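Reader: I'd like a close look at one part of this model. Keep it brisk, and tie the pieces together.
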Amino acid sequence: QVQLVESGGGLVQPGDSLRLSCVASGIANSIGVIGWYRQAPGKQRELVATITSGGIAVYADSVKGRFTISRDNARYTVYLQMNSLKPEDTALYYCHADVYAYRGSIPVDSWGQGTQVTVSS
């Protein structure tokens, strides 16, 4: 029963930076790949970035060079550092994780409730 809680969103101007955090609680499981997704009004949810338990990161083309995903396994936390923000980055950002009940089990999807990022002049 892992729960994910996002924080760090806000209203910023183009070119500003934000750091989103996602903290997992109710830890009695192992967490594999963690990702950030976002959804803007009227648009489908899209993948922003993912990071494996070993630290391998993958980014959407739209955020490469601007966003950095990282994780602190000891604190059960994943971060998304967002630099050079653009209006098109405006969206509700969700944290997602693959949760394993035990070694070798099939992972279960876990989603946070989202944190709003608004980039506007």
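In β9, which residue is the bridge partner of Arg38?

Author: The partner of Arg38 in β9 is Tyr93. A word on the ground rules before we follow that strand. This is a predicted model, where local features need pLDDT of at least 70, side-chain atom pairs count only at pLDDT 80 or more, and totals for chains, interfaces and linings use all residues. Numbering starts from 1 along each chain as its sequence is written, and side-chain values use heavy atoms, with hydrogens and water left out.

β9 covers residues 91–100. Strands here are DSSP runs of E, at least two residues, numbered from the N terminus. Two strands pair if DSSP finds at least two bridges between them.

Take β4 as the opening neighbour. β4 spans residues 30–39. It pairs with β9 in the antiparallel sense, over eight bridges. The link of Arg38 to Tyr93 is a bridge between a β9 residue and its partner.

Next comes β10, residues 108–111. β10 and β9 are antiparallel too, and four bridges hold the pairing. His96 has Trp111 of β10 as its bridge partner.

Then there is β11, residues 115–119. Three bridges join β11 to β9, and these two strands run antiparallel. Here Ala91 meets Val117, its bridge partner in β11. As background, strands of a sheet pair through backbone hydrogen bonds, either parallel or antiparallel.

How enclosed is β9? Eight of its 10 residues are buried, so the strand is largely enclosed by the rest of the structure. Buried means under 20% relative accessible area, and exposed means over 50%, with partly exposed in between (1.4 Å probe, protein chains only). Cys95 is buried, at a relative accessible area of 0%.

A disulfide joins Cys95 to Cys22, with S to S at 2.1 Å. The criterion is a pair of cysteine sulfur atoms within 2.5 Å. By this rule the count comes to one disulfide. The link of Cys22 and Cys95 is left-handed, with -85 degrees about the S-S bond. Cys22 lies in β3 (residues 18–25) and Cys95 in β9, so the pair ties together parts that are 73 residues apart in sequence. Cys22 is buried as well, with a relative accessible area of 3%.

For β7, look at β8: six bridges join the two, which run antiparallel. Phe67 stands opposite Met82 of β8.

Gly54 lies between β5 (46–51) and β6 (57–59). Gly54 counts as exposed, at 67% relative accessibility. Gly54 and Gly32 are 22 residues apart along the chain, and their C-alpha atoms are separated by 8.8 Å.

To put the part together: β9 pairs with β4, with β10 and with β11. Its Cys95 is joined by a disulfide to Cys22.
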